[in-house]
Amino acid sequence: MSLALLISNWDVAAWQKSLVQLAPDRAFQTAPDILHPEDVRYALAWKPAPGLLAQMPNLEIIFSLGAGVDHIFEDDQLPDVPVVRIIDPDLSVRMSEYVVLHVLMHHRKQRVYDAFQADNVWKEIPQAAASALQIGIMGLGILGIDAALKLKNLGFQVNGWSRTEKSVEGIDTFFGQVGLGAFLGQTDILVCLLPHTPATDGILDLALFEKLSHDGPLGKPVLINAGRGGLQREADILKALEKGVLGAATLDVFETEPLPDSSPLWTHPNITITPHNASASDPDTILRNVLEQLEVHETGGTMANIVDPVQGY
Ligand code: NDP
Ligand code: OXD
């Protein structure tokens with residue numbers, strides 16, 4: 001019985017090398033060469049080809065090689081086996097680095113200074129205190145809470161929004177549809193760390209941007225989305241920037257990835273783009289996490305981080 005590495009869009013060779021080093025005694029097959037699907041007991045997946053998992057009759061567990069599981073639940077032939085996701089300090093630290101970097105970039109107006117430097121301009125512009133800025137984290141889960149606490153430590157006012165009620169010391173929390181309007185109204189920089197599910201699909205649209213605070217120290221609100229591309233309506237982001245409903249955006253994730261060459265997002269002066277690398281999955285770290293979970297499972301224990309298929313995250 002073997003493992004299967006089902007990976008698209010990442011460097012498969014790095015994962016194979018790491019798996020051989022960390023688990024030399026475990027046989028594994030790698031997509032697309034799954035020659036013996038009946039041998040596969042555990043699938044280690046990142047964006048597996050739709051329908052592939054259904055071809056494995058003895059599959060027991062699907063491990064997502066990242067925090068998100070939308071890439072697995074999108075498969076309409078998904079076998080009825082547990083899906084386990086990654087919760088690991090390495091993912092949280094990397095994501096918080098990204099969030100802090102981009103919040104500070106907008107707060108300290110770094111893109112303006114980059115433009116000044118290109119023209120040899122020595123000029124200082126007024127700078128608000130961090131404590132004057134309200135950062136709203138949409139998705140107060142494992143990654144959202146870590147980022148929220150780090151931003152709080154830097155002196156920002158931090159709010160968080162989740163599906164169910166949450167209490168996090170030092171953070172003002174809001175939840176559900178009833179809490180969304182008040183949360184947005186107190187947000188100068190919106191950081192989205194939501195999962196992509198049917199309930200959150202396209203949530204980042206013009207109507208939502210219009211509810212953000214428009215009288216904060218930055219003049220216009222800013223969007224940072226490192227959750228998933230399916231959360232955002234890119235035409236609405238462009239419209240919001242054009243109308244002055246948003247002042248700027250940092251986007252790590254896109255409706256179509258890789259972002260097509262023809263996308264107007266690439267050249268917009270107020271958009272910062274990164275290639276879905278806000279919190280990259282490091283093969284050694286992630287595979288260690290998976291192998292520890294397998295050890296628990298195979299010795300009769302209960303694995304952690306099993307995803308609720310009803311909520312889809
Ligand atoms: P969690 O499941 O720990 O947190 C998700 C949060 O979103 C929870 O607070 C949850 O609410 C909230 N949420 C979910 N659905 C809704 C809803 N309908 N309305 C309001 N709130 C909702 O996930 P993680 O923090 O580990 O990861 C979050 C996402 O980040 C991943 O799903 C993935 O898409 C993305 N990600 C992106 C990466 C990148 O490199 N760009 C890397 C890693 C992850 P509640 O607390 O009530 O359950
Ligand atoms: C993840 C990701 O979900 O890298 O972990 O996007």
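In this predicted model, one residue pair is in polar contact between domain 1 and domain 2, with both partners at pLDDT 80 or more. By class, the side of domain 1 that touches domain 2 has four nonpolar, four polar and five charged residues. Two salt bridges are counted between the two domains. Domain 1 covers residues 2-86 and 281-298, and domain 2 covers residues 89-273. The C-alpha centres of the two domains lie 32 Å apart. On the domain 1 side, 13 residues are in contact with seven residues of domain 2.

The size of an interface is often given as the accessible area lost when the parts come together. Between domain 1 and domain 2, about 680 Å² is buried. Carbon and sulfur atoms account for 52% of that area.

Aspartate 70 and arginine 228 form a salt bridge, with the closest N and O atoms 2.9 Å apart. The cut-off for a buried residue is under 20% relative accessible area.

Helix α2 also holds isoleucine 72. Isoleucine 72 has 0% relative accessibility and so counts as buried. Leaving aside residues up to four places away in sequence, isoleucine 72 touches Ala45, Pro48, Ile62, Ser64, Leu78 and Val83. The C-alpha atom of isoleucine 72 is separated by 9.4 Å from that of leucine 53. Along the chain, isoleucine 72 and leucine 53 are 19 residues apart.

The structure as a whole holds nine salt bridges. One of them joins glutamate 60 to arginine 41. The closest N and O atoms of this pair are 2.7 Å apart. Glutamate 60 and arginine 41 are 19 residues apart and link distant parts of the chain. Arginine 41 sits in strand β3 (40-46). Glutamate 60 sits in the loop between β3 and β4, the latter spanning residues 61-64. Glutamate 60 has 30% relative accessibility and therefore counts as partly exposed. Arginine 41, at 26% relative accessibility, also counts as partly exposed.

Another salt bridge lies within a helix. The side chains of aspartate 90 and arginine 94 meet at 2.8 Å, N to O. Both residues lie in helix α3, which spans residues 89-107. Aspartate 90 and arginine 94 are four residues apart, about one turn of the helix. Aspartate 90 is partly exposed, with a relative accessible area of 23%. Arginine 94 has a relative accessible area of 29% and is likewise partly exposed.

Terms used: Residues numbered from 1 in each chain as written. Chains lettered and ligands numbered in written order. Predicted model: local features only at pLDDT ≥ 70, side-chain atom pairs only at ≥ 80, totals over all residues. Heavy atoms only, no water. Salt bridge = Lys/Arg side-chain N within 4 Å of Asp/Glu carboxyl O. Helix = DSSP H or I, 4+ residues; strand = E, 2+ residues; numbered from the N terminus. Buried < 20%, exposed > 50% of the residue type's maximum accessible area, 1.4 Å probe, protein only. Domains from an automatic or database assignment. Contact = heavy atoms within 4.5 Å. Buried area = accessible area lost by both parts, 1.4 Å probe. Polar contact = N/O pair within 3.5 Å; in protein donor to acceptor, adjacent residues only side chain to side chain. Nonpolar A, V, L, I, M, F, W, Y, C, P; charged D, E, K, R; others polar.
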